[in-house]
Amino acid sequence: MMLTLSLVLAACGGNGDETYEWKFITEEVDGQVQYEYAEEFAKRMKDKSDGQVNIEVYEFGGLGSEVDQVDQLQKGVVQLAIMSPGFTGNMVKEGQIFALHFLFPDSTKQTQEILNTSEAINVDLRQKYEEHDITPLAFWTEGFMQWTSNEPISEPSDFENFQMRVQESPLMFKSYEAYGADPQAMSWGELYTALERETVEGQENPIFFIYDASFHEVQDYMTLSKHNNYVAMTTVNSEWYNGLPDDIKEMVDETVEEMRDWIYDEQERQNAEFLEQMKNDTDNPTEIVELTEEQREAFRELALPVRDFYKEEVSTVDGAILEKLQEEIKAVTGE
Ligand code: 6CS
């Protein structure tokens, strides 16, 4: 009887004296959005647990490339990770949905609302990740993606044979091939040098990242294209997460929920502040060009058929996740 009782207690709640030491990796460095998320998450968990949960946050670089980090989460070397779906493109094929240009609304707020509530993403896509021991607990935007280059980009023909850096996702290749570009995959750790040496001619990222990673130093133009949103995921090792005592797991879930608004405001702030800094950086002048709606439309037209490619060639469930997501997007935008 006593034994049964203690087994039940062990399954339901943490032992009050027990301490937990977890590792949380991010794909960014101190100050950048993902890293700030992990630091704030760690702080909240420590406070809530009265010091029982200690999370060590790792900057990008120390534990290998972004793809290496995916492997470390799967193996449980680390328990938590902020992960960009682009780096799981060759494994969780459905996750490449976020590589489709002009899919989400032209509003980060509405995009975040969809990311928070979508069943296609939070149930169906989550399941696809769980097949690979990765549980995404939240999906969130780091802001609109923009292009940088050394020549202006105002129409698709400007991408003709353009060496474009992308992440490890076949669908990102497709998206840029649709504009006539020649994409190449690499880690962002190698990107500054590649741009400097002109191994690649351009890249896409949110403004805060372009400025903080100093890509503007080795690029002359930033095109405000808003062709996509940068989506990141808060992920945990599935087996580890499912084995947590109930009270500790609830604390994790609650903190994930609290972080949604917190990180939304953080990325808004960083993207706005770094845009101003870039405008005022006379040592490294960058010409900032905003595409008109008409100009964006020309890219959009070429991007649309990539959705069929996703449904027919990429998706393992005949595009069902994309179809559901498109309905959910319509419900939010009313279009
Ligand atoms: O371009 C990249 O690969 C990087 N960009 C961001 C915004 N975060 C991390 C990622 O690895």
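Begin by selecting serine 214, which is found in the loop between helix 8 (207–212) and strand 9 (221–224). Helices (H or I, at least four residues) and strands (E, at least two) are DSSP runs, numbered from the N terminus. The phi angle of serine 214 is near 65 degrees, a positive value in a residue other than glycine.

Before the next stop, some conventions apply. This is a predicted model, in which local features need pLDDT of at least 70 and side-chain atom pairs count only at pLDDT 80 or more, while totals for chains, interfaces and linings use all residues. Residues are numbered from 1 along each chain as its sequence is written, and side-chain values use heavy atoms, with hydrogens and water left out.

Next, select aspartate 50, in the loop between helix 2 (33–48) and strand 2 (53–58). Here too phi is positive in a residue other than glycine, with a value near 55 degrees. Is aspartate 50 buried or exposed? Aspartate 50 counts as exposed because its relative accessibility is 72%; the term means over 50% relative accessible area, whereas buried means under 20% and partly exposed lies in between (1.4 Å probe, protein chains only).

Now select the ligand together with its surroundings. Among the 13 residues around the ligand, Glu28, Arg165, Gln167, Trp188 and Asn205 come nearest; a residue is near a molecule if one of its heavy atoms lies within 4 Å of it. A polar side-chain atom of glutamate 28 lies 2.6 Å from a nitrogen atom of the ligand. The side chain of arginine 165 has an N or O atom 2.8 Å from an oxygen atom of the ligand, and for glutamine 167 the corresponding distance to a ligand oxygen atom is 3.0 Å. The protein covers 100% of the 300 Å² of accessible area that the ligand has on its own, as computed by the Shrake-Rupley method with a 1.4 Å probe.

Then display strand 6 (residues 163–166) and strand 7 (residues 182–185), which run parallel and are joined by four bridges; strands pair if DSSP finds at least two bridges between them. Proline 183 in strand 7 is the bridge partner of methionine 164.

Finally, select methionine 278 in helix 10 (residues 246–280). Methionine 278 counts as buried because its relative accessibility is 1%. Its C-alpha atom is separated by 9.7 Å from that of methionine 222, 56 residues apart along the chain.

Conventions:
A polar contact is a pair of N or O atoms within 3.5 Å; within protein, one must be able to donate a hydrogen and the other to accept it, and residues adjacent in sequence count only if both atoms are side-chain atoms.
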